[in-house]
Amino acid sequence: MSSTAAKASVNSLVKYDTPVLVSTTKDKKGKGAQQKGQKAATKKKLPPVEKPPTSQTEDILNSILPPREWTEDGQLWVQYVSSTPATRLDVINLQEQLDQKLQQRQARETGICPIREELYSQCFDELIRQITINCAERGLLLLRVRDEIRMTIAAYQTLYESSVAFGMRKALMAEQHKADMEARVRERERERNGMEWNGCG
């Protein structure tokens, strides 16, 4: 396993299988190269990894939590979500990892915190994975709940951003109106002073 693959597995609360090497690149001399010794990288596919046919549960898991793909040193890696059933100890470890990551990444306990939102989202995805393995229908229902919550949060974020923009526009308009009123007051004071000076004359 590559260092990037191992790091990606550790950073997520969702349990994944061991990464699989899909393809690699190999340097060879390019045909028709003008400069001698010039090399071109061409992709070479590895033979398919022998795996038993995926079950319906694994297909559902892959649709809920798509496999992760990344390239490192010219090699394409794929990592599928784990289909191993979770034990009571796994749930306890998940809770401990969540608390530990919240503390390590200094997530705020209250208010809006992207770090806390990300970690709880990963925890919820892991719970969906565990439940889907035992009951696919229950997992799909939780997926609907998760997506609905995310859409609701996105709607609230849009509403919040719109309200902030509206408030800023109102504040700018108020400042402009205040500046106009102050200019009018100064103009009236100059007119009054001019009238008083003419009266004294």
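**Close-up views of the predicted model**

**View 1. Threonine 132 in helix 4.** Threonine 132 lies within helix 4, which spans residues 114-134. The coordinates belong to a predicted model. The relative accessibility of threonine 132 is 0%, so the residue is classed as buried. Beyond its neighbours within four places in sequence, threonine 132 makes contact with Thr57, Ile60, Leu61, Ile64 and Gly139.

**View 2. Glutamine 130 in helix 4.** Helix 4 also holds glutamine 130. Is glutamine 130 buried or exposed? Its relative accessible area is 7%, and because buried means under 20%, glutamine 130 is counted as buried. When residues up to four places away in sequence are set aside, the residues touched by glutamine 130 are Ala86, Val91 and Leu94.

**View 3. Cysteine 113 and cysteine 135.** Cysteine 113 has a relative accessibility of 7% and therefore counts as buried. Cysteine 135, by contrast, is partly exposed, its relative accessible area being 22%. The limit that separates these two classes is 20% relative accessible area, under which a residue is called buried. How many disulfides does a search of the whole structure find? The search returns zero.

View 4. Why is isoleucine 149 described as partly exposed? Its relative accessible area is 42%, and the partly exposed class lies between the buried limit of 20% and the exposed limit of 50%.

**View 5. The protein chain as the setting for the close-ups.** The chain contains five helices and four strands. Read from the N terminus, the elements follow the order α-β-β-α-β-β-α-α-α. Of the 201 residues in the protein chain, 20% are buried; threonine 132, glutamine 130 and cysteine 113 are among the buried residues. The chain exposes about 15300 Å², of which carbon and sulfur atoms supply 55%. Among contacts between residues at least 6 apart in sequence, 60% connect residues at least 24 apart.

Notes:
Residues numbered from 1 in each chain as written. Predicted model: local features only at pLDDT ≥ 70, side-chain atom pairs only at ≥ 80, totals over all residues. Heavy atoms only, no water. Buried < 20%, exposed > 50% of the residue type's maximum accessible area, 1.4 Å probe, protein only. Helix = DSSP H or I, 4+ residues; strand = E, 2+ residues; numbered from the N terminus. Contact = heavy atoms within 4.5 Å. Areas by Shrake-Rupley, 256 points an atom, 1.4 Å probe, with all protein chains shown as cover. Disulfide = S-S within 2.5 Å.
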